[in-house]
Amino acid sequence: MVKNTLRTLIGASLLAAASLVQAQETRVVAITQIVEHPALDAVHQGVRDELAERGYKEGENLQIMHESAQGNSAIASQIARKFVGEQPDVIVAIATPSAQTVAAAARNIPVVFSAVTDPVAAKLIESWEKPGANITGVSDMLPIKKHLDMLQRVMPDAKRIGTVYNPGEANAAALVKLLEQHLAERGLELVKAAATKTSEVLGAARSLAGKVDAIYLTTDNTVISAAEAVISVGQRANIPVFAADTATVERGAVAALGFDYYKHGRQTGAMVARVLEGADTATMPVETMEELDLFVNPEAAERMGITLAEDFIQDAQKVVKSGE
Amino acid sequence: MLSDIAFYGALETGLIYGLVAFGIYLSFRVLDFPDLTVDGSFPLGAAVAAVLLVEGWNPWLATGMAALAGMAAGAVTALLNVKLNILNLLASILTMIALYSINLRIMGRPNIALLTEDTVLTPWYGIGLKFHQVSVALFVIVVVVALVLLWRFMKSEIGLAMRATGANPRMARAQGIATGAMIVLGVALSNGLVGVAGALFAQSQGAADVTMGVGVIVIGLASLIGGEAVVTPSTVLRALIACVVGAIMYRLAIAFALNADFLGLKSQDLNLITAVLVTLAIVLPGVRTKIANKLTRKQA
């Protein structure tokens, strides 16, 4: 008798559980990331937070898988295969190499990329307006024009602009090319210094001393990892250092019109949510960052030999004050 | 627990790294020449193949050119060692770092996408296999052909001379073997194989990237040593089979590690897992012989 009641009890609870699962369908989002890095980690967090805000709660109606390849392309490809094999509802690919490995493996699963600078050159999509297949996403193409406007507002007399970059990084190399074109249009000269490893950034920055009026850093992963090296050279040689990402302003650059990668992730998350709701990736145009925040660091500017104008500081969304 | 696609993906990458392990077997084991050039010749093969594919070359021809490029890189390392008397390890490091710049020059940019180009895999998609099985089927053929050719080569007169050069260079010279030429040929062959691996990897991944070579040497060595622990390399054929077995084992281990949520392992722990696996693979055979020795002594 006891056994029987127990059996019915178990049966009933199983049934209840089953109907609960049916009522709340669990969606699966798989996130692959090429390497751990503050900006890319921020994208990852942004995706999660945006999904949560839009009612996709992890553990309730959403399962999130996340793997990082630690910069190794063979592992990135295995992560891509693993995800494709598990047939999630959407795969989120953070940075170009991860996006390419996913694109090579996934034929029918919707893919939303993030932190990819030029998705057409990377052959992820056919065109920015009409991606054409199972892949779309958010590009982190820098608004270089606006950045240079900002730089010239602070230093109207600057003639030669220096930059440190890693020629081996796809995004960085493309950005430097763009930067060169934009500077040429304004009659300014770009002085490039190459650093293929973080340990070479200091030497590269030193080579710019005396040759340039200002330094502008793009979102080069290698260089940003060692941004302090460039900033220390800027302080010693009195060359103001401008950045493309706001986090570097907190580390001692003069100013940046950024591009918060966390917001980039939020925008990506919004796209993921739309795909989960049934939108077709083939017709969703690739998005770029619209919202830009001005971060300024007046103390850092003083240390690099310039004083920021009051109205410029007032325009800033955030004024960084060092705790020192 | 492993999905089909993850399993075939591991096989595919494992087979490609089997070619790398062949190359490392040639340099490290046959010639006793610690060669780190492979970290550069792997992306070199990928770069050459990618550029030629975009130019519209036949994929197999492009892969062949990648082999030649790899061989040239290996020859440079060996010549630095043989002709200029630079320590073998250092010579290979010099070539490796030089290749980083050369690869960038060849590609003209850090990343060439091949997602829409015709590759060696393209004609195979029509034969009725599933999408993720195609590359495995093709790479099995490539690896078996390479294995048989290498095996035959090792048994040829030149192959024997090469093995003698590695085993006892003094004796080999006394027998009239041009040991310098053997080292150049062997290291060139080794890097040619790695170049092919790089070319195939780029084609199956959909892109060549200059950073692709990071850690190739460590993974190749791990595959070689792991394989030798499982398949005792008492003959050349067994040693070659050990290379492939080791490479596939390594990739399967990673695939399982990616799925080992129940152990609390994540992909960021892979480097640690690799180090532990390689250490075990090196230590275990020694322990096995020790136990075996004790047992036989007891019996005696």
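This is a predicted model: local features need pLDDT of at least 70, side-chain atom pairs count only at pLDDT 80 or more; totals for chains, interfaces and linings use all residues.

Visitor: How many helices and strands in chain A?

Guide: Chain A has 13 helices and 13 strands. Both are DSSP runs numbered from the N terminus: helices are H or I with at least four residues, strands are E with at least two.

Visitor: What are the dimensions of chain A along its principal axes?

Guide: The C-alpha trace of chain A spans about 90 × 40 × 35 Å. Of its 324 residues, 50% are buried. A residue is buried if 20 or more other C-beta atoms lie within 10 Å of its own, exposed if 12 or fewer, and partly exposed in between, with C-beta atoms placed from the backbone.

Visitor: And what share of the contacts in chain A joins residues at least 24 apart?

Guide: Among contacts in chain A between residues at least 6 apart in sequence, the share is 68%. Two residues are in contact if their C-beta atoms, placed from the backbone, lie within 7 Å.

Visitor: Helix 4 of chain A: how many of its residues are buried?

Guide: In helix 4 (residues 96-105) of chain A, 10 of 10 residues are buried. Among them are A:T96, A:Q100 and A:A105.

Visitor: Which non-glycine residues have a positive phi?

Guide: Examples include A:Q87, at about 50°, and B:N85, near 55°. Most residues other than glycine have a negative phi. A:Q87 is in the loop between helix 3 (73-86) and strand 3 of chain A, and counts as partly exposed because it has 14 C-beta neighbours inside 10 Å. B:N85 is in the loop between helix 3 (59-82) and helix 4 of chain B; with 8 other C-beta atoms within 10 Å, B:N85 is exposed.

Visitor: Is A:V212 buried or exposed?

Guide: A:V212 is buried, because 21 other C-beta atoms lie within 10 Å. A:V212 lies in the loop between helix 7 (201-208) and strand 8 (214-217) of chain A. Leaving aside neighbours within four places in sequence, A:V212 is in contact with A:R160, A:I161, A:G162, A:V191 and A:I239.

Visitor: On to the interface. How many residues of chain B are in contact with chain A?

Guide: 34 residues of chain B are in contact with 33 residues of chain A. Helix 1 of chain B gives the most to the side of chain B that touches chain A, with 6 residues. That side divides into 17 nonpolar, 13 polar and 4 charged residues. Here Ala, Val, Leu, Ile, Met, Phe, Trp, Tyr, Cys and Pro count as nonpolar, Asp, Glu, Lys and Arg as charged, and the others, Gly among them, as polar.

Visitor: At what angle does helix 1 of chain B pack with helix 8 of chain B?

Guide: Helix 1 and helix 8 (residues 179-205) of chain B pack at about 165°, with axes 8 Å apart. That makes helix 1 of chain B roughly antiparallel to helix 8 of chain B. Axes are lines fitted to C-alpha atoms, for helices over the stretch in contact, and angles run from 0 to 180 degrees between N-to-C directions. Angles under 35 degrees count as roughly parallel, over 145 as roughly antiparallel, 65 to 115 as roughly perpendicular and the rest as oblique.

Visitor: And with helix 5 of chain B, what is the angle for helix 1 of chain B?

Guide: Helix 1 and helix 5 (residues 131-155) of chain B pack at about 25°, with axes 9 Å apart. That makes helix 1 of chain B roughly parallel to helix 5 of chain B.

Terms used:
Residues are numbered from 1 along each chain as its sequence is written. Chains are lettered from A and ligands numbered from 1 in the order in which they are written.
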